[in-house]
Amino acid sequence: MAQRPAVPDIIDGKAVQSLVEAHAVRGATVLGQKGGWAVLVRYGVLERAIAAQRARKPRLWRNLATAAAFVRDELGVVRFEVDAQAYEPDPGARRRPDQAERLRKQREAAEHDRWFRTEVQNTLDRIDAGKIGLLDEDSWAQRAAEKRAELARRAAEHNG
């Protein structure tokens with residue numbers, strides 16, 4: 001077997017997408033590297049590694065399954081080579097323990113947003129139906145003063 005160069009020339013994602021759209025990609029290889037898997041695309045007589053975004057180095061996938069899914073789903077290449085000869089897992093690979101917490105907070109925020117929007121719409125619908133009315137500033141101030149007085153009365157009863 002011929003030895004591959006350690007770091008092949010690279011091609012950016014937009015160029016790869018153009019090649020995919022033009023049906024010019026002839027094949028692909030998922031190449032093991034230190035710390036992950038690079039994807040090499042073959043087009044014409046050239047073979048290039050897909051570049052990381054905003055970087056002039058090959059993009060690395062942390063596991064073989066995600067690299068293979070990229071080749072199949074994004075590149076449309078269903079038969080490809082896997083070369084694991086130089087693969088070395090990175091024991092200090094970046095982990096995302098905060099990911100679950102971040103996703104939980106996003107779900108909670110989305111649920112709260114849905115609830116809030118529903119409450120606002122229900123209130124607007126009740127106003128339109130005449131079930132509740134709007135208060136002018138003086139009426140609002142009077143109601144607020146009455147509420148404060150009621151709360152003060154309850155506190156006095158509770159404490160005394």
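Buried, in my notes, means under 20% relative accessible area. I'm looking at a predicted model.

**Aromatic pairs**

I searched the whole structure and got 2 aromatic pairs. In one, the ring centres of Trp37 and Tyr87 sit 4.3 Å apart with planes at 15 degrees, so I put the pair down as stacked. I checked where the partners come from: Trp37 is in strand E3, while Tyr87 is in the loop between strand E5 (81–83) and H3. They are 50 residues apart, so I noted a link between distant parts of the chain. Is Trp37 buried or exposed? Its relative accessibility is 6%, so Trp37 counts as buried. Tyr87 comes out partly exposed, at 28%.

The other pair is Trp61 with Phe70: centres 4.9 Å apart, planes at 45 degrees, so it's tilted. Trp61 is buried at 7% relative accessibility, and Phe70 is buried too at 15%.

**Cores**

Next I looked up the largest nonpolar core, which has 18 residues. Val39, Ile50, Val71 and Leu75 touch the most other members. Helix H1 (13–21), strand E2 (25–33), strand E3 (36–43) and helix H2 (64–74) each give at least two residues to this core. E3 supplies the largest share, with 4 residues.

What does Val71 touch, leaving out residues up to four places away in sequence? I found Ala28, Val30, Val39, Gly76, Val77 and Phe80. I also noted a second, separate core of 5 residues, with Ile10, Leu40, Ala49 and Ala51 among them.

**Surface**

Last stop: Trp115, Phe116, Val120 and Leu124 make a nonpolar surface patch of about 390 Å². Val120 lies in helix H3 (residues 99–128), and at 36% relative accessibility Val120 counts as partly exposed.

Key: Residues numbered from 1 in each chain as written. Predicted model: local features only at pLDDT ≥ 70, side-chain atom pairs only at ≥ 80, totals over all residues. Heavy atoms only, no water. Patch = residues over 30% accessible without salt bridge, like charges linked within 9 Å, V, L, I, M, F, W, Y side chains within 5 Å. Areas by Shrake-Rupley, 256 points an atom, 1.4 Å probe, with all protein chains shown as cover. Salt bridge = Lys/Arg side-chain N within 4 Å of Asp/Glu carboxyl O. Buried < 20%, exposed > 50% of the residue type's maximum accessible area, 1.4 Å probe, protein only. Core = buried A, V, L, I, M, F, W, Y, C linked by side-chain atoms within 4.5 Å. Contact = heavy atoms within 4.5 Å. Phe/Tyr/Trp six-rings, centres within 6.5 Å; stacked < 30°, edge-to-face > 60°.
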